[in-house]
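Have the 3D view ready as you read.

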Amino acid sequence: MVCLSEPVTPVEESETRFAFGKNWASFLDQFDAERLQHATSSLKSLLQVESLAGKRLLDIGSGSGLFSLAAVSMGAEVVSVDLDDDSVACTRELRERAVAENPSVAEQWQVHQGSALDAEWLTSLGTFDVVYSWGVLHHTGQMNTAIEATSSVVAPGGQYAIAIYNDQGGGSRRWLRIKQGYHHLPVFLRPAYVVLVAGCYELKFALARLARGRNPLPFADWRAKKSDRGMNAWHDWVDWIGGLPFEVAKPEAIILPLREKGFVLDNLTTVGSGWGCNEYVFRRLEESAKSLP
């Protein structure tokens, strides 16, 4: 078996679970039609499709439910899955809002609590034309196992769309220490820690913009964040600084093992040597899927 990646330095069990759902609950207060439009555009661009009509999509780590709703708006039958109680509640709340506007969504969108590591349970959900998991599998604590389990439910000819933190080597290990620092603090001090860390980086970004002759203020970049995936700068910073477990991988560590499983790469966006997520869209070959036991 080919190893997909090596985890960054392990952390204590008590430190390894960030409250992603609480962050999403705060984000959900800012949900509006514009954010849905941006999320839908992002999903279309990633999957290189205009419609998901007649398709079955599994959203692993649905978080706020924003991208599940985007898939529903594109015509997909959606199954949303998240391990975090608050994230499940957020997704269900967004589903209820959608059902209130369009009752037919009730049959089009299911929400479940479950783990990306539970291969048997995932198999019980059936197979999917699209399995989508953006920035989630590297937070499971067992990224290799999560990729193995979630890719196994992609239907023949289906797409597997994932985003995984880029391996920066020493840079990734420095970020791990920043994340550990967040979890060592009392809860009431964590927002101040986010402001401190994010402020240092925003200052660095501002100086870089100034050196390139651009306006050093961050507002244009923050607006771009919203138009990119319907997100906002604050919740992204909280997620990034607090997000544990934390694993990373170079592109080849993701691509080559999945190729051995019968997947071909349809779309790839990398961050080069920088931080953030590399985005992958694979397609499962019909022939290889048929040959599996």
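Before we start, here is a handy rule: when the angle between two axes is 65 to 115 degrees, the pair counts as roughly perpendicular, and over 145 degrees it counts as roughly antiparallel. Keep in mind, too, that what you're looking at is a predicted model.

Which residues do the touching? On the α2 side you'll find Arg35, Leu36, Ala39, Thr40, Ser42 and Leu43, and they meet Leu66, Phe67, Leu69, Ala70, Ala71 and Ser73 of α3. Sorted by class, this contact between α2 and α3 has 8 nonpolar, 3 polar and 1 charged residues.

Now hop along to helix α8 (residues 170-184), which has two partners to look at here. One is helix α9 (residues 190-211). The axes of α8 and α9 come within 9 Å and cross at roughly 155°, so this pair is roughly antiparallel. From α8, the contact takes in Trp175, Arg177, Ile178, Gly181, Tyr182 and His183, while α9 brings Arg190, Tyr193, Val194, Val197 and Tyr201. The tally by class is 7 nonpolar, 2 polar and 2 charged residues.

The other partner is helix α11 (residues 233-242), whose axis is 7 Å from that of α8, at an angle of about 100°. That makes α8 roughly perpendicular to α11. Here Trp175, Ile178, Lys179, Tyr182 and His183 of α8 meet Trp237, Val238, Asp239, Trp240, Ile241 and Gly242 of α11.

Together with Leu203 and Leu207, Leu210 makes a nonpolar surface patch of about 310 Å².

Last stop: charges. Side chains of opposite charge can pair when their charged atoms come close. How many salt bridges does the structure hold? There are 5. One to look up is the bridge between Glu77 and Arg56, where the closest N and O atoms are 3.4 Å apart. This pair links distant parts of the chain, with Glu77 in strand β2 (residues 77-82) and Arg56 in strand β1 (residues 56-60), 21 residues apart.

Notes: Residues are numbered from 1 along each chain as its sequence is written. This is a predicted model: local features need pLDDT of at least 70, side-chain atom pairs count only at pLDDT 80 or more; totals for chains, interfaces and linings use all residues. Side-chain values use heavy atoms; hydrogens and water are left out. Patches are made of residues with over 30% relative accessible area and no salt bridge: like charges are joined within 9 Å, nonpolar side chains (Val, Leu, Ile, Met, Phe, Trp, Tyr) within 5 Å. Accessible areas come from the Shrake-Rupley method with a 1.4 Å probe; for residues, only the protein chains shown count as cover. A salt bridge is a side-chain nitrogen of Lys or Arg within 4 Å of a carboxyl oxygen of Asp or Glu. Helices (H or I, at least four residues) and strands (E, at least two) are DSSP runs, numbered from the N terminus. Contact means heavy atoms within 4.5 Å. Ala, Val, Leu, Ile, Met, Phe, Trp, Tyr, Cys and Pro count as nonpolar, Asp, Glu, Lys and Arg as charged, and the others, Gly among them, as polar. Axes are lines fitted to C-alpha atoms, for helices over the stretch in contact, and angles run from 0 to 180 degrees between N-to-C directions. Angles under 35 degrees count as roughly parallel, over 145 as roughly antiparallel, 65 to 115 as roughly perpendicular and the rest as oblique.
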